[in-house]
Structures are given as C-alpha cells and as structure tokens.
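Please open the model in a viewer and follow the stops below in order. Each stop names a selection and then describes what is found there.

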Amino acid sequence: MKAVEITKGVYWVGAIDWSVRNFHGYTTNRGATYNAYLIIDEKITLIDTVKAPFAHELLERVRSVVDPEKIDYVVSNHVEMDHSGALPEIMQYCKNATVVTSSPAGMKGLMAHYGEHKYKAVSANETLNLGSRNLVFVPTPMVHWPDNMVTYCPEEKILFSNDAFGQHYASSGRFDDEEDLNIILEEARKYYANIVMPYSRQASGAIDIAAGLDISIIASSHGVIWRSHVKEIMDAYKEWTKCEAKEKAIVVFDSMWHSTETIAQTITEALKEKGVQVKFFDLKQNHMSDILTEVLDTKYIIVGSPTLNNNMMPTVAGFLCYLKGLIPKGRKGFAFGSYGWGGQSIGQVEEILKAAGCEICLPMIRLQYIPTKEELDKVREDILAM
Ligand code: FEO
C-alpha cells in the first residue's frame with residue numbers, strides 16, 4: 001500500500017474501508033475512507049489518523065515515504081475515533097512525535113480516550129512552522145464535535161477540513177476529478193444531512209472561514225480530495241447550511257395490512273395534485289438515513305403508522321427518534337394511520353413531530369380498519385385545502 005502524492009511533499013496516507021455498510025446507524029452503501037495526510041518538511045507532520053483497525057494500512061502508506069519515527073507532529077483535527085482510533089498504535093511507531101490538538105476540547109477528548117501522550121494544545125488561529133510551510137489551526141466547534149478544528153497550509157493552499165466537505169465513498173480514485181462528480185455530490189449531501197445538519201449554523205460559520213482563505217485543495221477526512229471542484233462543493237455547502245424548506249414533501253410510513261399504505265398513497269397523490277414535489281418512503285424498504293437526506297430541503301414531513309399493541313410500529317418509532325435529533329427548523333407535518341381498536345399510534349406520532357419542532361399543518365388522519373372510498377376522498381380534499 002502506497003502513499004498518494006497530492007502536491008509536492010504532501011501525501012494522502014489514509015485507509016479505504018471498502019466493506020463498511022453501517023456507520024453508527026448511517027448506511028454507507030458505497031463504503032468509506034478515513035483520510036490522513038503526511039507533510040514532508042523540516043518538521044514532518046501527520047494530519048489525523050484513521051479508525052483503529054486500519055492503523056496498519058496508515059503505517060504502510062507512511063512507510064512508503066518516510067520512517068514513522070521521523071514524524072515530529074501528529075495533528076488531531078477531531079477526536080472522534082474514525083480519525084483518532086489508530087492514535088495509540090501510531091504513537092508506538094512515531095516515538096518522537098507531539099500530538100497537536102485544539103484547546104481545550106481536543107486536549108480533554110484525547111486525554112479521556114487515550115491518556116497521556118506528548119501533547120501540544122493550540123488556540124484559535126495559532127500557527128505552527130514546519131520549515132518551508134506553516135499550519136494554521138482554525139476552530140470549527142460542532143462540525144462535528146466540540147473539539148473540531150481545520151488545519152490550513154497557506155503555502156500549499158490546502159485546507160485539511162476533517163469532517164467538513166466529506167463523503168462516505170470508497171474509491172480507487174483519490175481526487176474529485178477521478179470519480180463521478182454527481183455520485184460524490186450525492187454522497188456529500190447525504191453526509192451533510194446525517195452528520196452536519198443539526199450544526200448548520202456552525203457549519204455556515206466554517207464556510208465563512210473557508211471563503212476567506214485562498215484554497216486550491218480541500219483535503220477532507222472522508223472520501224475524495226477536492227481539487228477540481230472546490231467551487232462546486234463550497235457552493236453546495238452554502239446551499240445546504242441554509243436548510244431551506246422548499247415546496248417538497250416526504251410521506252414516511254410502515255403498514256401491516258396495507259391500510260396505512262393506502263392512506264399514504266392517497267396523501268402522495270393529493271400532494272402531487274397540489275403541485276408539491278413528493279417522495280414516498282415505506283420504512284420496510286428504505287433506510288432512515290436515506291430518508292433524512294431528503295429532510296435537508298423538504299417542508300412537509302408526513303408520518304404514518306398503524307397501531308401495534310397500543311403503540312406505533314417500531315420502525316416508525318426509530319425513524320422519528322432519528323428525525324428528532326436531526327430535523328432543521330421551519331418544517332411542517334402531520335400524522336396518519338389505520339387502526340383496529342385502540343388507535344393510539346397516530347397521536348403518538350403527532351406528539352413526536354411536535355416535540356421535534358414540526359408545525360402540525362393538518363389534524364391527524366385516523367381511519368379504522370380498511371379506509372373507505374369516502375374516507376380517502378376526504379383525505380384528498382383535506383390535503384388540497386391544506
Ligand atoms: Fe468523521 Fe466526526 O468523524
């Protein structure tokens with residue numbers, strides 16, 4: 001396994017996780033990478049590490065350029081273990097290295113995870129001279145944890161952005177111009193919606209910081225390196241950080257005997273008739289992390305569940321729990337479902353939508369047993385009048 005040169009003396013030395021399909025609840029259908037970077041200068045520097053099981057891959061790529069013992073600094077932009085998990089093993093080989101991290105959150109996080117090492121805590125905009133290059137450390141708290149920072153190298157015009165601008169995407173090409181741009185942007189959008197969306201205000205601040213820098217390359221910690229489409233990903237982030245609610249809807253449901261599904265179909269058709277762009281998600285067939293990607297710019301979140309043992313279906317409960325943690329402001333929605341006797345599920349769904357900050361724009365639709373034509377006609381009329 002070899003390092004990949006990005007610019008003269010700067011290398012990608014990360015790991016490719018071709019097989020991962022679940023990243024703490026997020027489906028990674030195209031795998032993932034954990035990117036780390038090596039800068040050869042008077043002071044040799046490693047930026048970030050990788051997930052613990054991939055330490056050997058990182059070391060092999062580093063060794064294709066330099067003996068790890070010669071590394072002077074290991075910069076930790078982010079404590080989360082997909083970037084720091086290999087740190088204890090790496091430090092056994094980087095015997096002379098100092099770990100550079102943000103103050104105070106990075107220090108606190110690394111100490112809690114890995115205990116004592118030789119640390120250097122850096123403050124906002126502090127510069128570290130490597131010889132012919134400098135590294136400037138810029139805090140980006142909550143993109144994605146409190147400790148996050150990005151590292152900027154002005155001489156190379158490279159922004160080592162960690163989670164920001166990343167995508168879960170395993171590929172043989174390391175650069176944005178070696179892979180299909182539409183697929184990369186699709187994965188970057190999914191990544192944003194599932195990882196960064198709750199912190200859009202902070203992400204917007206990070207974009208402002210990046211916009212003020214002269215950047216030729218964005219070397220994020222996941223997916224491809226941006227060198228030919230820096231403007232496209234920056235523009236996409238400017239759009240995504242707005243979380244703008246467009247005239248779009250998602251209808252999300254589970255069903256036991258197709259009655260709730262029939263209501264979902266009626267709602268979907270009525271929304272189409274109303275001119276709303278709508279997507280239909282049966283939770284038996286769709287993963288919640290794919291559905292959440294749509295919430296990024298969707299105004300109406302419409303959720304249905306039949307009643308199962310006095311409760312909503314567990315699939316719907318899981319979706320709503322995930323939604324509640326990620327949902328942006330300014331969304332509307334309502335609950336619907338079929339029931340046999342108790343019918344508690346529909347009210348439960350509505351309560352969680354409200355608790356998530358969703359404005360209820362239509363009284364809940366509760367229909368007993370199999371919906372009649374008259375009942376479905378009334379659903380259509382109510383949607384058209386909404
Ligand atoms: Fe890629 Fe927040 O870790």
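## A guided tour of the predicted model

Begin by selecting Lys157, which is partly exposed because its relative accessible area is 32%, a value between the 20% and 50% cut-offs. The model being viewed is a predicted one. Lys157 sits in the loop that links strand E14 (149-153) to strand E15 (158-162). Its phi is near 55°, a positive value in a residue that is not glycine. Most residues other than glycine have a negative phi.

Is Phe165 buried or exposed? With a relative accessible area of 3%, Phe165 is buried.

**The whole chain**

The protein chain holds twelve helices and 22 strands. Its C-alpha trace spans about 80 × 40 × 35 Å along the principal axes. Of the 386 residues in the protein chain, 57% are buried. Consider next the contacts between residues at least 6 apart in sequence: 72% of them join residues at least 24 apart.

Select Ser103 and Pro104. The peptide bond from Ser103 to Pro104 is cis, with omega near 0°. Most peptide bonds are trans. Pro104 belongs to the loop between strand E10 (98-102) and H4.

Move on to Gly106, a residue of helix H4 (residues 105-114). Gly106 counts as buried because its relative accessibility is 0%. Apart from neighbours within four places in sequence, Gly106 is in contact with Val79, Thr101 and Asp147.

**Helices H5 and H7**

Display helix H5 (181-196) together with helix H7 (230-240). These two helices pack at an angle of about 35°, and their axes are 11 Å apart. Their crossing is right-handed. To see the contact, show the side chains of Leu185, Ala188, Arg189, Tyr192 and Val196 in H5, and those of Ile233, Tyr237 and Trp240 in H7. By class, this contact of H5 with H7 comprises seven nonpolar residues, no polar residues and one charged residue.

Next, select Thr241, in the loop between H7 and strand E17 (246-253). Thr241 is counted as buried because its relative accessibility is 12%. Which backbone oxygen lies 3.0 Å from a polar atom of the Thr241 side chain? That oxygen belongs to Lys238. Setting aside residues up to four places away in sequence, Thr241 touches Tyr192, Ser200, Ala203, Ser204 and Ile207.

Return to H5 and select Asn194, which lies in this helix. Asn194 is buried, with a relative accessible area of 7%. Its side chain makes a polar contact of 2.6 Å with the side chain of Tyr322. Beyond residues up to four places away in sequence, Asn194 touches Tyr26, Ser289, Leu292, Thr293, Tyr322 and Leu326.

**The enclosed helix H9**

Select residues 288-295, which form helix H9. Six of its eight residues are buried, so H9 is largely enclosed by the rest of the structure. The buried residues of H9 are Ser289, Ile291, Leu292, Thr293, Glu294 and Val295. Show what covers them: the covering elements include strand E5 (26-27), H5, E17, strand E18 (277-282), strand E19 (298-304) and helix H10 (314-326).

Finally, colour residues 249-386, where an unreviewed UniProt entry places the feature "domain: Flavodoxin-like". Over residues 249-386 the chain is 45% helix and 23% strand, with the end C-alpha atoms 13 Å apart.

Display helix H8 (residues 259-274) and helix H12 (residues 373-385), which pack at an angle of about 35° with their axes 9 Å apart. The crossing of H8 and H12 is right-handed. On the H8 side, show Thr262, Ile263, Thr266, Ile267, Ala270, Leu271, Glu273 and Lys274; in H12 they meet Leu376, Val379, Arg380, Ile383, Leu384 and Ala385. Classified by type, the contact of H8 with H12 has nine nonpolar, two polar and three charged residues.

Terms used:
Residues are numbered from 1 along each chain as its sequence is written. This is a predicted model: local features need pLDDT of at least 70, side-chain atom pairs count only at pLDDT 80 or more; totals for chains, interfaces and linings use all residues. Side-chain values use heavy atoms; hydrogens and water are left out. UniProt positions are given in the numbering used here, feature names are shortened, and annotations may be inferred rather than shown by experiment. Helices (H or I, at least four residues) and strands (E, at least two) are DSSP runs, numbered from the N terminus. Buried means under 20% relative accessible area, exposed over 50%, partly exposed in between (1.4 Å probe, protein chains only). A polar contact is a pair of N or O atoms within 3.5 Å; within protein, one must be able to donate a hydrogen and the other to accept it, and residues adjacent in sequence count only if both atoms are side-chain atoms. Contact means heavy atoms within 4.5 Å. Axes are lines fitted to C-alpha atoms, for helices over the stretch in contact, and angles run from 0 to 180 degrees between N-to-C directions. A crossing is left-handed if the near helix is turned anticlockwise from the far one by less than a right angle, and right-handed if clockwise. Ala, Val, Leu, Ile, Met, Phe, Trp, Tyr, Cys and Pro count as nonpolar, Asp, Glu, Lys and Arg as charged, and the others, Gly among them, as polar.
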